[in-house]
Amino acid sequence: MTNLSTENEVILYDFTQKSNKDWFVVDDRVMGGVSYGYFDVNRHAHGHYHGNVSTANNGGFSSIRCRTGGIEVGDRTFIVLRVKGDKKAYQIRLKKSTNDYQSYIQTFETNGKWQEIKIPLNELYPSFRGRKLNMENFNAPKIEEIALLIGNKKSEKFDLLLDWIKLI
């Protein structure tokens with residue numbers, strides 16, 4: 001893939017074969033659930049996140065996460081993802097510090113085609129274990145973790161392709 005970064009944007013993630021080591025899956029199995037997600041990179045250099053969410057055993061989510069090492073936000077005000085989904089809702093989640101308990105999240109809908117999802121950073125709200133927190137929305141100088149989560153309160157298979165994630 002060509003370098004997509006320009007002066008006003010920064011690529012948070014451009015999927016390549018090394019992505020298999022950078023992203024890790026966290027499912028509801030950490031709390032007794034039975035959902036499972038898988039992440040790999042296909043031959044077209046797209047991240048492929050897929051699996052099955054189950055509400056059995058009080059479960060109901062799957063996520064993938066990547067630690068960025070602390071990417072500077074600067075004056076950028078949007079996070080943009082190029083994805084091809086399965087007409088389901090997903091969440092983008094950011095952490096300003098990997099030590100924080102809260103994530104800053106926003107839900108987005110996929111339409112079955114390649115699409116660019118553009119979300120204002122200041123619309124990502126703080127949440128912990130599915131509960132919105134009484135704190136300010138995202139307003140941090142850096143991003144240390146990116147995550148994608150599916151948890152639509154129902155049992156379902158899911159399939160999401162990722163081309164890139166950037167800040168503009």
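Visitor: Where is Asn-57 placed?

Guide: Asn-57 lies in the loop that runs between strand 4 and strand 5. Strands here are DSSP runs of E with at least two residues, numbered from the N terminus.

Visitor: Before going on, what sort of model is this?

Guide: This is a predicted model, in which local features need pLDDT of at least 70, side-chain atom pairs count only at pLDDT 80 or more, and totals for chains, interfaces and linings use all residues. Residues are numbered from 1 along each chain as its sequence is written, and side-chain values use heavy atoms, leaving out hydrogens and water.

Visitor: Back to Asn-57, then. What is its phi?

Guide: Asn-57 has a phi of about 60°, which is positive although the residue is not a glycine.

Visitor: And Asn-58, where is that and what is its phi?

Guide: Asn-58 is also found in the loop between strand 4 and strand 5. Its phi is near 60°, a positive value in a residue other than glycine.

Visitor: Is Asn-58 buried or exposed?

Guide: Asn-58 is exposed, because its relative accessible area is 69%. The classes are buried under 20%, exposed over 50% and partly exposed in between, with a 1.4 Å probe and protein chains only.

Visitor: How about Gly-59, buried or exposed?

Guide: Gly-59 counts as buried, because its relative accessibility is 19%. Its place is in the loop between strand 4 (47–53) and strand 5.

Visitor: What does Gly-59 contact?

Guide: With neighbours within four places in sequence set aside, Gly-59 is in contact (heavy atoms within 4.5 Å) with Asp-28, Met-31, Gly-33 and Ser-54.

Visitor: How far is Gly-59 from Leu-149?

Guide: From C-alpha to C-alpha, Gly-59 and Leu-149 are 13 Å apart in space, while 90 residues separate them in sequence.

Visitor: How many bridges join strand 7 to strand 12?

Guide: These two antiparallel strands, strand 7 and strand 12, are joined by five bridges. As for individual residues, Arg-93 has Ala-147 of strand 12 as its bridge partner.

Visitor: Where does Glu-145 sit, and is it buried or exposed?

Guide: Glu-145 belongs to strand 12. It counts as buried, because its relative accessible area is 4%.

Visitor: One more glutamate. Where is Glu-116, and is it buried or exposed?

Guide: Glu-116 is placed in strand 9 (residues 114–120). It counts as exposed, because its relative accessibility is 53%.

Visitor: What does Glu-116 touch, and how far away is Val-83?

Guide: Residues up to four places away in sequence being left out, Glu-116 touches Val-80, Leu-81, Arg-82 and Trp-164. Glu-116 and Val-83 are 33 residues apart in sequence, and their C-alpha atoms are 6.5 Å apart in space.

Conventions
Helix = DSSP H or I, 4+ residues; strand = E, 2+ residues; numbered from the N terminus. Pairing = 2+ DSSP bridges.
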